[in-house]
Amino acid sequence: MRVAFHTLGCKVNQYETEAMREAFALRGAEIVPEDSPADVYIVNTCTVTNIADRKSRQYIRRMKSANPEAIVVVTGCYAQVEPEEVSAMEEVDLVIGNGLKSGICDKVFAYIDRKNTETVEVLRRNELDFYEDMGHVVASEMGTSRAYIKIQEGCDRFCSYCLIPFARGPVRSRPMDDIIEEAKILLQKGFRELVLTGINTALYGTEEEFAFEPDGNAISPLEELLARLDAIDGDFRIRLSSLEPTVVDKEHVEHIIRYDKLCHHLHLALQSGSTSVLKAMNRSYSKEDYLEIVSAIREYDPLYGITTDIIVGFPGEKDSDFADTLEVVGKAGFGRVHAFRYSPRKGTRGASMKDAVSGTVKSERMQALTEASAKTAEIFAEACMKMSHRVLTEERCGRNEEFVTGYTDNYIKVYIEDASKEIPLGEFVEVQLREMYEDGCLATATGKGE
């Protein structure tokens with residue numbers, strides 16, 4: 001049986017797709033590329049925007065049209081929050097919600113053998129009260145350079161623009177010993193970067209209330225996990241996929257960033273630089289709180305990479321609010337900004353808010369934000385020029401594969417000149433950044449990244 005997978009959305013979805021892929025391979029299935037003929041197509045969906053829903057539907061229809069006899073299985077967040085809508089598509093055979101992905105292989109085989117006539121299986125949010133064990137995921141589509149490790153599931157922040165707490169359920173954390181065991185297996189297989197990911201990674205272990213003691217010596221669950229990973233022998237690095245300022249503050253971040261193997265890069269979602277818009281978004285911090293965290297990070301390392309997400313055109317966003325966002329972009333000096341036009345999501349508080357921002361204004365603000373963020377990214381990269389950086393090589397690119405790409409510790413994409421193809425992939429290389437190039441920097445290898 002040939003099985004193909006298509007994944008939309010976040011790193012958690014990518015991790016879970018890999019777990020499903022490995023489960024099918026263990027049952028003897030042949031895993032084929034998503035654009036190849038297959039007997040089963042599994043679409044792991046996202047629902048963070050209307051566009052994500054539309055992309056899922058488009059792919060489902062395209063694959064069924066190309067392979068009319070194939071079984072199409074839809075899982076993930078879109079399947080979770082809109083199971084009736086998904087199951088109503090004539091191209092869809094099975095709908096499997098979140099929390100049930102570990103059994104998707106058995107469900108498909110049972111469906112093929114006509115031993116299971118249930119075509120829609122979705123748990124309610126209050127039933128998503130357990131961390132789903134999907135086994136140890138020991139491979140990656142990214143080769144043997146980076147591997148994702150899922151540490152946490154769910155979110156309880158309920159930002160007014162976001163459906164994810166409904167799609168993923170409440171906060172559940174993976175047992176720490178299980179995370180450590182998976183990390184050791186991945187390192188034994190040759191991976192050199194472990195990316196810790198979750199729906200809201202900063203909430204790891206917070207099912208029970210945690211607070212720093214007055215002496216500042218208390219360790220949060222996330223910090224304890226970092227300490228244990230940092231203590232594992234070997235030449236590798238750890239990267240946090242993201243932290244939420246709705247969860248962490250300046251003091252918390254100061255505790256977290258001190259570990260030797262932790263990359264000097266944090267994705268710290270801003271969403272807006274306006275305190276009043278943040279309040280409307282149900283984000284529990286102010287502009288000043290955010291900049292305090294940035295200041296603490298940059299005090300530790302002036303070239304610490306900070307990337308972010310920003311939503312443009314949230315209901316009620318005035319010109320002065322957007323000006324605040326541009327001010328924070330300039331002060332924070334982001335290495336990269338992921339900018340999104342606000343799109344109302346049915347089922348969220350934001351969808352019923354008044355004072356909608358026009359499409360024309362959103363477009364104008366997106367253009368201004370794109371220009372501002374490109375400038376800060378260039379300033380940040382130029383500050384890192386003429387310096388030595390350790391890069392983990394990932395893949396070859398260019399017309400004649402004359403470049404090797406990878407990322408610096410502080411998350412600058414690097415194109416290393418390698419016309420002779422002598423630089424190995426999946427290894428650390430010492431490089432010197434020379435100039436801006438495409439979406440990163442051009443670099444020259446200066447030696448092994450010992």
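Here is a short tour of this predicted model, stop by stop, with something to select at each one.

Before you click: residues are numbered from 1 along each chain as its sequence is written, and side-chain values use heavy atoms, with hydrogens and water left out. Since this is a prediction, local features need pLDDT of at least 70 and side-chain atom pairs count only at pLDDT 80 or more, while totals for chains, interfaces and linings use all residues.

**Stop 1: helix α8**

Select residues 221–230, which make up helix α8. Helices here are DSSP runs of H or I with at least four residues, strands are runs of E with at least two, and both are numbered from the N terminus. Seven of the 10 residues in α8 are buried, where buried means under 20% relative accessible area, exposed means over 50% and partly exposed is in between (1.4 Å probe, protein chains only). Colour P221, L222, E223, L225, L226, L229 and D230 to see the buried set.

What do the buried residues of α8 pack against? Show β7 (146–153), α7 (176–188), β9 (193–198), β10 (237–240) and α9 (250–256). Contact means heavy atoms within 4.5 Å.

**Stop 2: S373**

Jump to helix α13, residues 359–383, and pick S373. With a relative accessibility of 11%, S373 counts as buried. Hide its neighbours within four places in sequence, and S373 is in contact with V329 and V337.

**Stop 3**

Q271 is not a glycine, yet its phi is positive, at about 70 degrees. Is Q271 buried or exposed? Buried, at 8% relative accessibility.

Then select E401, in the loop between β14 (388–397) and β15 (403–408). E401 also has a positive phi without being glycine, near 55 degrees. E401 is partly exposed, with a relative accessible area of 40%.

**Stop 4: a negative patch**

Which helix gives the most to the negative patch? Helix α11 (residues 287–300), with three residues. E292 sits in α11 and is partly exposed, at 43% relative accessible area.
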